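Student: I'd like to go through this one with you. Can we start with the helix packing and then move on to other things?

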Amino acid sequence: MIYRANVRPAWVVLVLLLCFAIAFALAKSSDSSSSGKKAETQEYPEKVNLAKFKNSETNELCLKCHGQSKYAYENAETKKVVHKRMYSELIIKRDEFYVSNHKGFKCTDCHSEDYTTFPHSGNLRMESKANCLDCHGGDDKYAKFQFEKIDSNFMASVHSQKHSQDFTCWMCHNPHTYKINARTNENLKETIIYDNLICLSCHSDITKYELLTNKQKPNILVKHEWLPNQASHFTNVRCIECHAQNKDTLIVAHQIVPKSLAVKKCESCHAKNSILYASLFKYQVQENIKKQGWFKGLFLSETATIGPDQNNTLNIISLVLFGFTILIILIHAVIRIQKSH
Amino acid sequence: MENHNEPLYLYPVWIRLWHILNALFCLTLIITGLSIQFSNPTIIVKFRAAVAVHNVAGVLLSINYLIFFLGNLFTKNGAYYVIEVRGFFTRLKSQFHHYTIGVFKNENAPFPVTMESKFNPLQQFSYVAIMYAVLPLVILSGIGLLYPEITVHSLIGISGLDYTDLLHLLCGFIVTIFMCIHIYFCTFGKTTLSNFKSIINGYH
C-alpha cells in the first residue's frame, strides 16, 4: 500500500499558494499606499517662494486679482469695497506658473501695457494674442524644438483644418502652465498622463469642446469599446499614438489625423516593427537604453508591450534550446530504429 | 509476480478526459502564444484572434488543472506523484542509463509499470515538476497578464508586468520542450503506438 496523502505534492503547492496569496496581498497594499503618497504630493505642490522668481513683484500687481477666485476693488462713487468672482479661465495659479517654462516673463511681455490700469479698458478684449511661432519661430536658440515643423504638422491636422481659427496652440498648451515634458521627463507614465490630459481637456469636457465645434461630443469610453483592456491602453499609450501621424523626425506628433485614418490594427503596435518606436518609445526608451544599458533599458523595460518588447538574445537562446531538444530526440530515434533492425 | 499479459487498468475515465483536454489546450496555447509573442502583421493567426483564443484556452486549461489538482489531492491517483526521497537519485540515474544506453541494447526497463507504480523515476520527477511547479506558475502569471491592473506595478524600478511576462514565457517554453520529449517517450511502449492507445482506452 503506497497511499501516503501527507506528502503529496498537491499539498505542498497548496501551502505555497497560500504563502503567495499573503505575499501578494502585502505587496499590493504597500504598492497602493506608495502610489497614494505620490498622488498627494502631485496634488498639493510645495508652496512657491515668489521672491526668488524674476519679475514676480511686477506680476503680483496682476496676480493679486488674477491669482485667485475672487478680487476686490473700491467703487469710486460709493467708496465701498466691492468683492467679485474671477472667471475661472482668467485665474493664473502661481504654483503652476512659477514652475512653467514661461515663469521668467512679466505679464505685460505678452499682454498689453494698458492692462496695468484698472478697470481695464473694454477694447483690450480685442487684443490679438501671440502664438508660439511669434516668439519661437525662426530663432536658432529654439531650433531643436522644431516649432516650424510642429506648426506645419498642426496646420495639416484635423484640429486646424476642421475647426475655426480659434483653435490655436493655446487650446492644448496653456502658456501660463506649459512645461516641457516629453524631452525632460524620464518617467514614461507621467509623460503619457500629461499628454493624454491635454486631449481630454477638450474631449472629456463638453464646455471646452463646444467652444470649437457644433458637433456632439462623442463618448470616448463608448467609442473605444472595441479596444481590449481599455484601461490598460488608456494609461500606457498616448491618444496620439493612434490618432496622429507619427514621424521619426518629430518628438511629439501634432498632425492629428481624421478618425478614418486612426490606427485600429493590433499588429500596428504589437509587432516587432511597432509604430510605438516612432512615437512613444522613440525618446524615453531609447534614452533609457543608453543610460541604463541593454538589460534594464529594453529587456526589463517600463513598457512591457507584447510584440515590440522582444529580446533577440532570449529568442536565439530559446530557439537553440528547442532545436537541441529536437536534434537529441531525432538522433535517439534514429539509433533506436537502427538497433531494432 | 505480476502477469504482464494481463492489461492493467491504469487510467480511469477522469484522468483520460483531463489528459486529452490538457494536451489540446496546451497545444492551442503554444501555437497562439507563439503567434502573440512573434506578432507580425503578416503572421497567419491575427493578433486579435490569437489573444482571444489564448485567453479562452488559458481559462479552460486552468479549470482543467483544478480538476487534476483536486483529483490528485483526494483520489488514489495522487499517490503516484509521491516521490520516495531515499534512493531517488540512484533510481533516477538507473532510469537515465536505461534511456541513454540500455534501450539500445534491448534491455528491460528497470522500473516496469505496475498498479502500485505507474511512473518510472524520471517520469515521476518531470511530471511533478511540470504539474506542480511549472503549470501553477504559468497559470498564475497568465492571470497576472490577463488582468494587468492586479499585477504589482513595480518592483525595484521595473514594471511588475515585465517579471510576470518573463515568467509566463519561461514556463510556456518549458511546457513546449516537455511536450516534445513527452510525446517522444510515449513511443517507448511495447509497440510504438501502444502507450498512445493506453491513454485512450485506459489499459496498459
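**Helix packing and contacts**

Tutor: In this predicted model, helix H15 (residues 312–340) of chain A packs with H5(B) at an angle of about 10°, their axes being 10 Å apart.

Student: What does that make H15(A) relative to H5(B), roughly parallel or roughly antiparallel?

Tutor: Angles under 35 degrees count as roughly parallel, so H15(A) is roughly parallel to H5(B).

Student: Which residues make the contact?

Tutor: From H15(A), the residues include Leu314(A), Leu321(A), Phe322(A), Ile329(A) and Arg336(A). H5(B) contributes Leu166(B), Phe173(B), Thr176(B), Ile177(B), Cys180(B), Ile181(B) and Tyr184(B). By class, the contact of H15(A) with H5(B) has 12 nonpolar, 4 polar and 1 charged residues.

Student: And within chain B, at what angle do H1(B) and H5(B) cross?

Tutor: Helix H1 (residues 13–37) of chain B and helix H5 (residues 160–185) of chain B cross at roughly 130°, and their axes come within 11 Å. That angle makes H1(B) oblique to H5(B). The crossing of H1(B) past H5(B) is left-handed.

Student: Which residues make that contact?

Tutor: On the H1(B) side they are His19(B), Ala23(B), Cys26(B), Leu27(B), Ile30(B) and Gln37(B). On the H5(B) side they are Leu169(B), Val175(B), Thr176(B), Met179(B) and His182(B). The contact of H1(B) with H5(B) has 7 nonpolar, 4 polar and no charged residues. Thr176(B) is listed in the contact with H1(B) and also in the contact with H15(A).

Student: Back to the two chains. How many residues of each are in contact?

Tutor: The contact involves 49 residues of chain A and 51 residues of chain B. Between them the chains bury about 4,500 Å², 68% of it on carbon and sulfur atoms.

Student: Which three residues supply more of the area that chain A buries than any other three?

Tutor: Arg8(A), Glu267(A) and Arg336(A), with 14% of the area that chain A buries against chain B. Arg336(A) also belongs to the contact of H15(A) with H5(B).

Student: How many salt bridges between chain A and chain B?

Tutor: The count there is 0. Over all chains it comes to 3 salt bridges.

Student: Which residue does Glu60(A) form a salt bridge with?

Tutor: Arg94(A), with the closest N and O atoms 2.9 Å apart. The pair links distant parts of the chain, 34 residues apart: Glu60(A) is in helix H2 (residues 56–66) of chain A and Arg94(A) in helix H3 (residues 94–97) of chain A.

Student: New topic, the backbone. Which residues does a cis peptide bond join?

Tutor: Phe118(A) and Pro119(A), with omega about -5°. Pro119(A) lies in the loop between helix H4 (107–110) and helix H5 (132–136) of chain A.

Student: And what is phi of Lys79(A) near?

Tutor: Phi of Lys79(A) is near 65°, a positive value in a residue other than glycine. Lys79(A) sits in the loop between strand E1 (70–74) and strand E2 (81–85) of chain A.

Note on methods:
Residues numbered from 1 in each chain as written. Chains lettered and ligands numbered in written order. Predicted model: local features only at pLDDT ≥ 70, side-chain atom pairs only at ≥ 80, totals over all residues. Heavy atoms only, no water. Axes fitted to C-alpha atoms, helices over the stretch in contact; angles between N-to-C directions. Helix = DSSP H or I, 4+ residues; strand = E, 2+ residues; numbered from the N terminus. Parallel < 35°, antiparallel > 145°, perpendicular 65-115°, else oblique. Left-handed = near helix turned anticlockwise from the far one by under 90°. Contact = heavy atoms within 4.5 Å. Nonpolar A, V, L, I, M, F, W, Y, C, P; charged D, E, K, R; others polar. Buried area = accessible area lost by both parts, 1.4 Å probe. Salt bridge = Lys/Arg side-chain N within 4 Å of Asp/Glu carboxyl O.
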